[in-house]
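Here is a short briefing to read alongside the structure. Have a look at the fold and the ligand, then follow the points below.

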Amino acid sequence: MQTDNPDIQFRAATKADMPEVAKLFKLSRESELPYLPKLHTPEEDVAFFSVVVFGEQDVYLLEESERLLGFVAYDKNWVHHLYLHPKELGKGYGSKLLKLALQNASILHLWAFQKNTRAIEFYKKHGFIVIKESDGSENEEKEPDVLMEWRGAWR
Ligand SMILES: CC(C)(COP(=O)(O)OP(=O)(O)OC[C@H]1O[C@@H](n2cnc3c(N)ncnc32)[C@H](O)[C@@H]1OP(=O)(O)O)[C@@H](O)C(=O)NCCC(=O)NCCS
């Protein structure tokens, strides 16, 4: 899949991409969500990505000349992960990756931490609305979050 810049390309991830994707996930969270507790070692992240993310979800990468800019992981009803390299925020790449998840969906949900106002604003811009607020007692970070929903008919 191409973008308007021929050096920037989407592609479906393969298992071989998994360590690099897990590394970007950690880098992006530590840079942009620094208030989250550090619960997992890099090895545990790799195990989670191997079994859950690459095992159960569709993972697409955005690359510039084979350098990883960001990724999205989703399934029929959930956007599970959308993370960019910290130097690549605010350039429209998040929108391009999110559109992959939206294009064949009729209803999508995702969780975002309440402190992540940038992401919440970003998702609202793409038609998601907050349908539930939680105090974080049910997520492993124990950080208040919001459940957001998108319905194709609202486009
Ligand atoms: C959230 C994220 C995926 C958005 O991708 P992005 O490429 O930065 O966003 P885009 O450039 O495609 O979209 C821009 C929109 O984001 C929002 N945004 C961009 N910069 C912002 C800022 N500094 N503060 C608040 N909102 C901002 C605005 O709604 C903006 O819309 P506009 O361009 O019309 O003003 C990206 O910032 C990211 O990877 N953040 C760190 C990881 C993360 O929080 N992931 C989400 C977990 S739920």
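**Briefing on the predicted model**

Glutamate 56 lies in helix α2, which covers residues 42-56.

**Glutamate 56**
- Glutamate 56 counts as exposed because 10 other C-beta atoms lie within 10 Å, and the cut-off for exposed is 12 or fewer.
- Between glutamate 56 and leucine 108 there are 16 Å in space, C-alpha to C-alpha, and the two are 52 residues apart in sequence.

**The fold**
- Four helices and seven strands make up the secondary structure of the protein chain.
- Read from the N terminus, the order of elements is β-α-α-β-β-β-α-β-α-β-β.
- The protein chain has a radius of gyration of 15 Å, which agrees with the value near 15 Å for a compact globule with 155 residues.
- Its C-alpha trace spans about 40 × 40 × 30 Å along the principal axes.
- Of the 155 residues in the protein chain, 21% count as buried.
- Taking contacts between residues at least 6 apart in sequence, 57% join residues at least 24 apart.

**Around the ligand**
- The ligand is surrounded by 19 residues, and the closest are Glu32, Leu84, Gly94, Ser95 and Phe122.
- Two or more residues of this shell come from each of α1 (18-32), β4 (79-84), α3 (93-103) and α4 (117-125).
- Helix α4 gives the largest share, five residues.
- Sorted by class, the shell holds eight nonpolar, six polar and five charged residues.

Notes:
Residues numbered from 1 in each chain as written. Predicted model: local features only at pLDDT ≥ 70, side-chain atom pairs only at ≥ 80, totals over all residues. Near = placed C-beta within 6 Å. Nonpolar A, V, L, I, M, F, W, Y, C, P; charged D, E, K, R; others polar. Buried ≥ 20, exposed ≤ 12 C-beta atoms within 10 Å, placed from the backbone. Rg over C-alpha atoms; globule rule 2.2 N^0.38 Å. Contact = placed C-beta atoms within 7 Å.
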